[in-house]
Amino acid sequence: MSVVRRPWHLLDIDDLRQSLLESQLCRADSWGDYSVDELALLYDSEITSVLDVLTPARTIYCRRRPSDPWYDQECRSTKRVVRRLERAARSSNTPEATTAWLTKRREYHALVRRKRQSFWLTKVDAEKSSPRRLWRSIDALLSRGRVPPCDDITADQFHWFFDDKVAGVRLSTADGTPPTFEPMLSAASFCQFQPTSIDKVIDAVRDLPDKCCALDALPTRLLKAVVDVIAPFLTHLFNRSLATGCVPDVFKQAFITPLLKKSDLDPADVRSYRPISNLSVLSKLLERLVSRQLLAHLERFRLLPRMQSAYRINHSTETAVLKVLSDILLAIDAGDLSALVILDLSAAFDTVDRSILLQRPEISYRLGGQVLH
């Protein structure tokens with residue numbers, strides 16, 4: 001399979017920093033007339049131009065099956081030596097060349113066994129305190145739960161199915177009772193974001209995991225290495241977005257991957273998949289900056305439900321389960337009967353009504369102005 005990639009291992013960080021310093025991303029006097037959308041596009045275009053000079057993209061051929069996690073650079077270099085000796089032995093057909101090839105091949109097989117054994121022993125020992133992660137690793141070791149992707153389903157078929165699914169759920173609830181909202185304290189208004197600072201942007205970038213999206217012009221690990229150079233531009237971009245209440249259009253684009261819901265489902269059935277959307281790293285950064293100010297507002301005025309465990313510091317599924325278990329045990333001790341009702345909403349996030357979503361924070365949490373916009 002052929003893919004177009006950049007040889008990131010050949011990129012020199014010092015050259016990247018110098019090229020960025022000479023780019024428009026480091027000329028603050030040229031940003032003034034740019035809109036938020038133009039600033040976001042400027043970032044992508046300038047980064048791409050710099051990388052096209054330093055590490056041009058090239059077409060490479062690779063296997064569809066990825067290497068095992070324990071198969072490292074030492075294994076690859078040893079395998080290359082074995083292949084070279086094999087070609088030499090077959091071309092010369094001498095006992096010495098054949099002996100050298102067979103000896104190196106035995107060393108290679110022994111190396112592979114040692115690497116595999118050492119990797120799994122270390123992994124099992126590190127995850128023995130976490131049964132869930134340990135069983136995932138055991139399943140991976142035994143090749144359980146791996147379902148080959150189905151190439152017969154097209155992107156258009158996925159698109160039509162997910163659109164029809166959401167439309168069907170929304171249609172089934174279209175005649176529902178209109179929602180009601182309980183207004184909160186009038187003093188708890190939040191209408192304008194506070195400008196962020198360069199130091200906060202740098203800290204937010206360095207706190208990111210080293211994951212990246214196919215839409216990213218610059219991988220996250222390289223962004224961390226040069227964040228001090230382009231942090232003023234990113235700060236200007238984010239502050240313009242916060243001040244105008246505008247999210248750049250490119251930040252709303254996602255790289256969507258359909259994944260099987262369960263390993264025992266039919267991979268040829270479009271209903272067996274759920275869409276996983278990956279946003280660009282700058283989009284996630286803006287989201288984090290907004291989230292921090294919004295949560296600070298909600299916590300300051302105690303607007304979050306007391307029993308909410310999701311998306312809160314020091315709360316998790318464990319605190320929710322402990323609360324339910326405590327209530328059940330107290331009811332049993334009092335001689336009462338207990339019944340547990342669990343609701344599983346189909347496509348819950350995909351079917352949130354936009355008008356309701358805008359009314360809820362405005363009425364219940366006193367969001368307005370650019371914040372609501």
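Author: Let's start with Lys 115 and Glu 74, which form a salt bridge in this predicted model. Their closest N and O atoms are 3.0 Å apart. The pair ties together distant parts of the chain, since Lys 115 sits in helix H4 (residues 95-126) and Glu 74 in helix H3 (residues 73-92), 41 residues apart. In general, side chains of opposite charge can pair when their charged atoms come close.

How open are the two partners? Lys 115 has a relative accessibility of 22%, so it counts as partly exposed. Glu 74 is partly exposed too, with a relative accessible area of 41%. The pair also belongs to a network of salt bridges that links Asp 72, Glu 74 and Lys 115.

Glu 86 counts as buried because its relative accessibility is 16%, under the 20% cut-off. Arg 83, at 41%, counts as partly exposed.

One more pair is worth a visit: Arg 133 and Glu 127, whose closest N and O atoms are 3.7 Å apart. Glu 127 is buried, with a relative accessible area of 5%, whereas Arg 133 is partly exposed at 48%.

To put these pairs in context, a search of the whole structure finds 16 salt bridges.

Methods: Residues are numbered from 1 along each chain as its sequence is written. This is a predicted model: local features need pLDDT of at least 70, side-chain atom pairs count only at pLDDT 80 or more; totals for chains, interfaces and linings use all residues. Side-chain values use heavy atoms; hydrogens and water are left out. A salt bridge is a side-chain nitrogen of Lys or Arg within 4 Å of a carboxyl oxygen of Asp or Glu. Helices (H or I, at least four residues) and strands (E, at least two) are DSSP runs, numbered from the N terminus. Buried means under 20% relative accessible area, exposed over 50%, partly exposed in between (1.4 Å probe, protein chains only).
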